Every structure is written in structure tokens, then in C-alpha cells.
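Have the structure open while you read.

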Amino acid sequence: MHERASWRIIAPMPSLPPVSRWSALVLLPLLLGCGGGAKAQGRRPVAPGRQAASSATKPKPAPEPRAALPSAKEFSRDMVTAHNLARTGARPAPKPPLPPLVWSSEAERKATAWAKSCRFEHNPDRGDFGENLAAATPGAWTTSQVVKSWADESSDYDYRRNTCAKGKVCGHYTQVVWRKTVTVGCATVMCNKNSPFGAQFPTWQLWVCNYTPPGNWVGQRPY
């Protein structure tokens with residue numbers, strides 16, 4: 001059975017140590033969760049994604065930002081491009097190369113429905129979809145930077161052992177480069193409730209990406 005608890009950001013909420021490499025207000029793609037499948041499949045996510053650590057920089061007080069969301073066409077294009085760039089850059093190089101992902105309207109609808117709830121936690125009713133999440137203060141990230149933050153976890157992934165470095169998270173990366181995953185659909189919303197950054201920063205942006213077939217199964221490498 002799918003181990004959903006290891007993917008939830010709040011159960012309990014981890015501490016939020018500073019991350020010096022991020023100068024943008026707040027980045028939580030290391031809080032993000034990576035996919036799992038339908039309960040009926042009776043499978044479990046692979047070990048790398050089970051370490052749902054959190055990391056965020058402490059934002060400084062600033063006037064309420066007014067960041068605009070990308071158009072639907074721009075957003076889907078940039079999401080697919082960024083995911084496929086990460087897949088072509090997977091190391092060690094997959095043989096044969098990973099097939100490019102294509103946009104899924106079904107996955108997009110699933111992601112959109114959940115994103116509208118403005119809850120920075122995994123959708124417990126996502127069914128047979130993998131899932132990655134990200135949250136940031138408005139304007140902190142572009143679409144491609146969100147995916148890059150997941151892909152950058154590759155530096156903490158040991159392909160030979162199929163594990164994350166101690167105390168690190170890499171399951172978002174392994175979902176992005178999962179060979180059997182063929183589609184992605186995502187959504188982003190600007191939220192004014194349930195801020196993971198506290199009452200001082202009530203406005204925040206949430207990204208949700210859903211994948212089919214889902215990745216991150218125990219005992220399997222991404223490719």
C-alpha cells in the first residue's frame with residue numbers, strides 16, 4: 001500500500017532550516033512530495049522520496065508583492081520543456097535516452113482541483129498519479145526554476161545504491177526522470193490562506209504537478 005504519510009508536508013511539520021543557496025524569498029521544493037500510485041496497486045514509493053525534509057529561507061518583511069501568473073499556454077509549455085530538459089540531463093546517462101514527457105489534460109485537471117484548495121500537502125485522493133509540490137512567496141520562482149529545483153536534487157541521489165545522501169531529499173528528482181512516466185500536468189495558483197510561511201506572509205504561490213504513470217516505487221531505479 002502506498003506510504004502516503006512520508007509525502008505529507010504536515011504530519012508533523014518539519015523544522016525549516018535556512019538554505020543559503022536560495023536568495024529568493026522562500027523556496028519549498030525540498031518540502032515537496034514526489035509521486036505514488038493508486039492504493040489498489042499495493043506498491044510503495046522508492047526510498048529516495050521517503051525523506052520529505054523541509055528547507056526554506058526566512059523571508060524579510062516586504063510590501064505585499066503583486067506577481068502575475070503565467071498564461072495557461074505559457075505555463076504548460078514551460079513545464080514540459082523544463083521537465084524534458086531535466087530528463088535529457090539525467091546522470092548517469094539513461095540508455096536508451098528517456099522519452100520526453102507530454103502534457104496531460106487529465107493530470108492538469110487533477111492538479112488544478114487540488115491547487116485551488118491552497119493546501120501545501122499532498123492530495124490524499126490523487127489516485128493513480130505521482131505528485132510533486134512547490135511553494136514560494138510571489139515572484140520568487142519562474143516555472144522553469146520550480147522544475148530545476150526538483151532536478152537539482154540529482155546531486156544528492158546515488159544511482160548505484162538508489163538512495164538519497166544522508167539527510168537529503170531526492171525523490172522529486174527521481175519522479176521527474178522516471179522512465180515509465182510519460183505524461184505530466186500541472187497547475188499554479190496564488191493563495192491567500194494556509195500560508196506555509198506564517199501570517200506575516202499571507203500571499204504565496206503553490207505549484208502542483210501530477211504524473212502518469214506514477215514513479216518512485218520501492219526497489220526500482222528511475223531508469
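## A buried histidine

Histidine 172 counts as buried because its relative accessibility is 1% (buried means under 20% relative accessible area, exposed over 50%, partly exposed in between, with a 1.4 Å probe and protein chains only). You'll find histidine 172 in helix 4, residues 171-176 (helices are DSSP runs of H or I, at least four residues, and strands are E runs of at least two, numbered from the N terminus).

## About the model

This is a predicted model, where local features need pLDDT of at least 70, side-chain atom pairs need pLDDT 80 or more, and totals for chains, interfaces and linings use all residues. Residues are numbered from 1 along each chain as its sequence is written, and side-chain values use heavy atoms, leaving out hydrogens and water.

## Three disulfides

The whole structure has three disulfides (pairs of cysteine sulfur atoms within 2.5 Å). Cysteine 118 and cysteine 191 have their sulfurs 2.2 Å apart. Cysteine 118 sits in the loop between helix 2 and strand 2 and cysteine 191 in strand 5, so the link ties together parts 73 residues apart in sequence. The bond is left-handed, at -90 degrees about S-S.

Cysteine 164 pairs with cysteine 170 at 2.1 Å, also with a left-handed link, at -95 degrees. Cysteine 186 joins cysteine 209, S to S 2.1 Å, but that link is right-handed, at 105 degrees. Here strand 5 holds cysteine 186 and strand 6 holds cysteine 209, so parts 23 residues apart in sequence are tied together. Counting bonded cysteines along the chain, the pattern is 1-5, 2-3, 4-6.
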